[in-house]
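Good morning. I will walk through one model today, going from the chains down to single residues. Please look at the picture first.

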Amino acid sequence: MQSLLNWFFRSSVDTVRETAKDRMKTMLVHDRLELPAGRIEVLQEELIAVVSRYFELDRDLTKFDLNQVERKASFVANFPLLRSKEC
Amino acid sequence: MITSGKGGVGKTTASANLGVALANTGASVALVDMDIGLRNLDILMGLENRVVYNLVDVVEERCKLRQALVKDKRLPNLSLLPAAQTRDKTAVDADQMKKLCEELKELFEFVLIDSPAGIESGFQNAVAGAEEAIVITTPEMSAVRDADRIIGLLEARKDEIKEYRLVLNRIRPSMVKNNDMMSVDDVLEILSVKLLGVVPEDEEIITSTNKGEPVSGTDNTRSGLAFRNIARRLRGEDVPFMDLDPQQSTWFSRITKFFNPAARV
């Protein structure tokens with residue numbers, strides 16, 4: 001539902017200009033790091049698997065961002081934790 | 001050096017215009033066409049009929065540097081060193097270019113090197129003699145990506161290239177306003193680079209190329225003014241950036257904006 005809402009909301013606001021800008025940023029982070037396509041997605045799945053061993057996660061609100069600060073890339077992960085698990 | 005990575009974004013046009021604009025401020029200027037095998041700068045300057053010797057002839061010592069330099073039709077303090085048309089990029093190497101540029105620096109206040117497209121030997125030769133770089137791009141994704149690649153290469157040569165700045169060419173203010181293309185700020189944010197100038201899209205550029213008279217040499221064109229501003233910045237003047245907003249805010253555009261809030265920026 002959340003993603004559907006997101007999709008609806010975004011599509012009404014997103015402009016061609018923003019689409020270009022977002023694509024551009026993702027592309028350049030990959031270019032600069034020589035990062036193969038799909039590698040980030042694999043990393044995200046592995047991170048979720050590791051954190052899930054210790055915590056119950058709110059998967060809908062789990063967020064990953066690949067950004068740039070100046071010309072340096074940064075990867076930000078946000079895991080909303082619901083409760084800890086017995087290890 | 002004037003460089004871009006991608007072809008067709010306006011390197012040669014910018015070189016010709018900055019050459020004329022700088023010469024008009026009184027400085028002595030040499031324009032060097034490094035696009036060996038694909039010579040074009042002479043056409044934009046309207047000097048194609050005066051080319052006798054070229055850069056490769058100088059490097060291979062078939063003539064003296066002064067013999068190969070072609071004086072501009074109107075500006076005696078502006079000279080062109082043409083590229084060879086029948087050779088290729090391997091005709092010179094980085095050391096030869098370095099030596100040639102040293103010689104030119106002794107004779108002129110400004111030496112503008114028009115780099116060929118690409119990141120191969122042509123770029124490497126052009127960068128060898130340079131101290132500063134002007135990176136040209138348009139606000140299109142492919143051009144910005146290639147500019148980023150060039151910036152990466154320039155960063156890796158920090159010791160030789162003391163400074164590099166961006167010229168954003170062919171901006172279409174009305175399309176930016178409608179959010180149909182990236183703005184100047186968008187491109188600057190993405191590339192994180194210092195801005196040297198913004199040049200609006202202008203049909204006059206085509207006319208001026210056909211006449212062999214760069215727009216920066218004549219008044220009353222927006223692109224010409226933009227290039228003259230860049231030249232003044234290169235001379236160390238603090239010139240504010242042009243306001244590229246399309247002025248016409250009609251009742252119609254106001255109504256469209258009211259119904260399409262995304263276009264309100």
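Predicted model: local features only at pLDDT ≥ 70, side-chain atom pairs only at ≥ 80, totals over all residues.

One term before the rest: two strands count as paired if DSSP finds at least two bridges between them. Keep that in mind for chain B, where Val32(B) has Leu81(B) in strand β4(B) as its bridge partner.

Strand β2(B) covers residues 29-33, and its pairing with β4(B) is parallel, over four bridges. On to another pairing of β4(B). Strand β3(B), residues 70-71, pairs with β4(B) in the antiparallel sense, over two bridges. In that pairing Lys71(B) stands opposite Ser79(B).

Now the side chains of β4(B), residues 78-81. Which way do they point? Leu78(B) and Leu80(B) point one way, while Ser79(B) and Leu81(B) point the other way. In a regular strand, side chains alternate between the two faces of the sheet. Are these four residues buried or exposed? All are buried.

Next, a pair of helices in chain B. Two packed helices are described by the angle between their axes and the distance between the axes. For α5(B), residues 94-107, and α6(B), residues 121-128, the axes come within 7 Å and cross at roughly 35°. The crossing of α5(B) past α6(B) is right-handed. Which residues meet there? From α5(B) they are Ala94(B), Met97(B) and Lys98(B), and from α6(B) they are Gln124(B), Asn125(B) and Ala128(B). That contact divides into three nonpolar residues, two polar and one charged.

Chain A now. Three helices and four strands make up its list of elements. Read from the N terminus, the order is α-α-α-β-β-β-β. How many of its 87 residues count as buried? The share is 6%. As for contacts in chain A between residues at least 6 apart in sequence, 55% of them join residues at least 24 apart.

Where the two chains touch, chain A gives 15 residues and chain B gives 14 residues. On the chain B side, the elements that give two or more residues are α7(B), 141-155, and α9(B), 184-191. The largest share of that side comes from α7(B), with six residues. By kind, the chain B side has six nonpolar, three polar and five charged residues.

Last, two residues with backbone angles to look at. Most residues other than glycine have a negative phi. Glu70(A) has a positive one, near 55°. Where is Glu70(A) found? It lies in the loop between β2 (63-69) and β3 (72-78) of chain A. Why does Glu70(A) count as exposed? Because Glu70(A) has 7 C-beta neighbours inside 10 Å, and a residue is exposed with 12 or fewer.

The other one is in chain B. Glu61(B) has a phi near 60°, again a positive value in a residue other than glycine. Its place is the loop between α3 (55-59) and α4 (65-68) of chain B. Glu61(B) is exposed, because 7 other C-beta atoms lie within 10 Å.

To finish, go back to β4(B) in the picture. Find β2(B), which pairs with β4(B) in the parallel sense, and then β3(B), which pairs with β4(B) in the antiparallel sense. That is the end of the talk.

Technical notes: Residues numbered from 1 in each chain as written. Chains lettered and ligands numbered in written order. Buried ≥ 20, exposed ≤ 12 C-beta atoms within 10 Å, placed from the backbone. Contact = placed C-beta atoms within 7 Å. Nonpolar A, V, L, I, M, F, W, Y, C, P; charged D, E, K, R; others polar. Axes fitted to C-alpha atoms, helices over the stretch in contact; angles between N-to-C directions. Left-handed = near helix turned anticlockwise from the far one by under 90°.
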